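Work through the exercises below with the sequence and the model open. Each task is followed by a solution in steps.

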Amino acid sequence: MAGPSRKYPLLRRSRAMWGSRRVWQPRLVFWAGAVGIGVISVLFAVLADRAQELFHLITGREDGWRFYLPLILTPLGFVLCAWLAHSFFPGSQGSGIPQAIAARHLRDDDDRSHILSLKLVAGKIALTIVGLFCGASIGREGPTVQVGASLMLQAARWGGMAQARGLILAGSAAGIAAAFNTPLAGIVFAIEEMGRTYEARTNGLVLTAVILAGIASLGLLGNYTYFGVSKETIAFAADWPLVIACGVIGGGFGALFSLLALKITRQIRRWHTGQPLQRALLVAAVCGLAVAAIGIASGGLTFGTGYVQARGAVEGTPLPWFFFAEKFLAGLLSMVSGIPGGIFAPSLAVGAGIGSSLGLVLGASTGAAALLGMAGYFAGVVQAPMTAFVIILEMTGNHDNVIALMLASMLGYGTARMISHEPLYHALSRVFIAEAIRRRRAEAAPAPQD
């Protein structure tokens, strides 16, 4: 009697294929890379939190002399981070999301290795932690995207996988999902922000990477919501003026941040020509001193990611009405200083501050106003409205306010588009693409004749 393999040649071929090392090796390496992203993201988060706690422990309270230590510690930390980034980890500066976007547009693996590599993983994590220890107004979520993309690209090299662009997308999505414990937001971020030319065939890669990174994160930290669980519900008629105000005003400030960040960054880059290292360190020192002064003036509220302040607002504790302006400036200065660090968490803190202030003016609930302010401002900064409302829904565990958050995000996005036509991350990614082109041309140029 003929066996099933003889009777069904397709079954025999399938068994042979799945038993082949060439089939299983890339998949195992890819799965290991996704789990690795989850584990490293959790460790990164823990170390970042410890760095902030240590900074606040060292600087003490407002009534002691240690409260003024940031005037020395912060600029020195900025200079150290800028020097290390420039000298040992070029390509680690800033958020990390523009680097991941640029890598998807670059076709040569050598060009990608300048902005996505294991060396940059180490540098990005270490320098972001140093920045937080020194009081910089930065976040770890954007850097986690570059870390995730770098790890997945390296896994592709080890596993002999050819889909580099799809794997960078998957690593970026896994990084966001693990950083916030928001798997849906990771997928939406991959589609909306990372992959403006999203390919359907990358669906499986993105979903698998997000699931495995999420499982690793859950295994280490358990299931949690980033900002706790919000109990606030936005009333249909009474709170709609607040929804509109948070969307329009939040989006306007978000666009202003994006516009100023791009203009200042371009001016600094032009000024760096000729003496790049010395001038980069000078800019870092000046920005660090200004961030320290703002932090002291705010009573220490603007140092670090702003997570504590944003969570407090979401839970119903009003923020000082001027907090959003101080955090806005601290975040802007930290970004243009040239040190590694993201803008996700600081942007959410600014948005919570805007919402809290508008809630006080309109007599609305602080928690609901903070949620709407985050949606409007964040959508204005990154011009990615779907990512904005999905990430806030998942971070607060409250699905009663879906329509209101969607409207605030769309109003924020629409307002931002009228003020600033360039999405921030994509505009910054062109810098890294241009650097890769210049490097290629310099390598191809004939050597000068003696």
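**Exercise 1: a helix pair**

Ile97, Gln99 and Ala100 of helix 5 are in contact with Gly142, Val145, Gln146 and Ala149 of helix 8, where contact means heavy atoms within 4.5 Å. The model is predicted, so local features need pLDDT of at least 70 and side-chain atom pairs pLDDT 80 or more, while totals for chains, interfaces and linings use all residues. Residues are numbered from 1 along each chain as its sequence is written, and side-chain values use heavy atoms, with hydrogens and water left out.

Task: Sort the residues of this contact by class and describe how the two helix axes are placed.

Solution. 
Step 1. Apply the classes: Ala, Val, Leu, Ile, Met, Phe, Trp, Tyr, Cys and Pro are nonpolar, Asp, Glu, Lys and Arg are charged, and the others, Gly among them, are polar.
Step 2. The contact of helix 5 with helix 8 then has four nonpolar, three polar and no charged residues.
Step 3. The axes of helix 5 (residues 97-105) and helix 8 (residues 141-159) come within 7 Å and cross at roughly 35 degrees.

**Exercise 2: the chain as a whole**

Task: State the secondary structure, the buried share and the accessible surface of the chain.

Solution. 
Step 1. Helices (H or I, at least four residues) and strands (E, at least two) are DSSP runs, numbered from the N terminus. The chain has 20 helices and zero strands.
Step 2. Buried means under 20% relative accessible area, exposed over 50%, and partly exposed in between (1.4 Å probe, protein chains only). Of the 450 residues in the chain, 55% are buried.
Step 3. The accessible surface, by the Shrake-Rupley method with a 1.4 Å probe, is about 19300 Å², and carbon and sulfur atoms account for 66% of that.
Step 4. Take the contacts between residues at least 6 apart in sequence: 80% of them join residues at least 24 apart.

**Exercise 3: cysteines**

Solution. 
Step 1. A disulfide is a covalent bond between the sulfur atoms of two cysteines. The cut-off used here is a pair of cysteine sulfur atoms within 2.5 Å.
Step 2. The closest cysteine sulfur to that of cysteine 81 belongs to cysteine 134 and is 5.9 Å away, which is too far for a bond.
Step 3. The structure holds zero disulfides.
Step 4. Cysteine 81 is buried at 1% relative accessibility, and cysteine 287 is buried at 6%.

**Exercise 4: buried positions in and around helices**

Task: Which residues of helix 14 are buried, and against which helices do they pack? Then place serine 409 and glutamine 383.

Solution. 
Step 1. In helix 14 (residues 307-314), Gln309, Ala310, Gly312, Ala313 and Val314 are buried.
Step 2. These buried residues pack against helix 15 (323-336), helix 16 (344-362), helix 17 (366-382) and helix 18 (385-396).
Step 3. Serine 409 belongs to helix 19 (residues 402-419) and is buried at 0% relative accessibility. Apart from neighbours within four places in sequence, serine 409 contacts Ala375, Ala379, Pro385, Ala388 and Phe389.
Step 4. Glutamine 383 sits in the loop between helix 17 and helix 18 and is buried at 3%. Its phi is positive, near 55 degrees, in a residue other than glycine.

**Exercise 5: salt bridges**

Task: How many salt bridges are there, and which residues form the network that includes Arg440?

Solution. 
Step 1. Count a salt bridge where a side-chain nitrogen of Lys or Arg is within 4 Å of a carboxyl oxygen of Asp or Glu. The count is seven.
Step 2. Arginine 440 pairs with aspartate 108, with 2.4 Å between the closest N and O atoms. Arginine 440 is in helix 20 (residues 424-444) and aspartate 108 in the loop between helix 5 and helix 6 (109-113), so the pair ties together parts 332 residues apart in sequence.
Step 3. Arginine 440 also forms a salt bridge with aspartate 111 (3.3 Å, N to O). This pair links helix 20 to helix 6 across 329 residues.
Step 4. Arginine 440 is partly exposed at 32%, as is aspartate 108 at 30%, whereas aspartate 111 is buried at 8%.
Step 5. The network of salt bridges links Asp108, Asp110, Asp111 and Arg440.

Methods:
Axes are lines fitted to C-alpha atoms, for helices over the stretch in contact, and angles run from 0 to 180 degrees between N-to-C directions.
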